[in-house]
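Please keep the sequence and the 3D view open while reading.

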Amino acid sequence: MSGGKPGQENLYCSKRKRDLPEKGKHSMWCVMHVKPGNEKRAEQFIDGLFGGESQGRCFHLTRARRKKYGGSWRTIQEELLPGYVFIATDEPEKLYGELEKAPGYRLVGNGRESVSCLGEEEADFLEKIAGERGSAGKIGLSYISAGEDGGVTVVSGPLLSVEGQVRKIDFHKRIAEVETEFCGEKRVMYLGVEFADVR
């Protein structure tokens, strides 16, 4: 999933091909791989390309997490997937055509049938942790409680919807390891947690 030549960005697709949906039938998530730190620039490019229309709504995902500074815990926002920008669209074919014509951006794929979109299960996972179509792109904290027997219960937050995919919770770092598939590959994503009694 490396970037292209200098001055170019890649629109990366999961390895599974999918038929294009009928216009307006349902939304798909396309994913653009850019140089980390250039997410905002890519979003501005897409917004300018489509004039803010729904078929080109663009965002990147950040996670809330707890971090200790000088003995005090603070909530901060971090990139969930540095270098990845998402485009929620009802018209992936139109998106493909416009980006194909745009200078400085090229598509990875063979032919118009392989529009760069996430697989259905991949998009469903992201919608579960971030809200439909990524909401504002911000993934909140999940609140947990630990029982005397060492068991952990998710009280609220994004982990409620993907609890079966949680591989490990690091209480010291306030991070949950969540196993999923992204762009056709197995991946672990790290989401922020906090104890429910400190809310």
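What follows covers a sheet, a hairpin and the cysteines of a predicted model.

Strand 4, residues 62–69, runs parallel to strand 8, and two bridges join them. In one of the pairs, threonine 62 has lysine 138 in strand 8 as its bridge partner. As a general point, strands of a sheet pair through backbone hydrogen bonds, either parallel or antiparallel.

**The hairpin**

How do strand 9 and strand 10 run, parallel or antiparallel? Strand 9 (residues 142–146) and strand 10 (residues 152–156) run antiparallel, and four bridges join them. Isoleucine 144 stands opposite valine 154 of strand 10. The two strands form a hairpin, with five residues between them. In the turn, glycine 150 has a positive phi of about 90°.

**The cysteines**

How many disulfides does the structure hold? The number is zero.

| Residue | Relative accessible area | Class |
|---|---|---|
| Cysteine 30 | 0% | buried |
| Cysteine 58 | 9% | buried |

Buried means under 20% relative accessible area. Cysteine 30 therefore counts as buried, at 0%. Cysteine 58 is buried too, because its relative accessible area is 9%.

Terms used:
Residues are numbered from 1 along each chain as its sequence is written. This is a predicted model: local features need pLDDT of at least 70, side-chain atom pairs count only at pLDDT 80 or more; totals for chains, interfaces and linings use all residues. Side-chain values use heavy atoms; hydrogens and water are left out. Two strands pair if DSSP finds at least two bridges between them. A disulfide is a pair of cysteine sulfur atoms within 2.5 Å. Buried means under 20% relative accessible area, exposed over 50%, partly exposed in between (1.4 Å probe, protein chains only).
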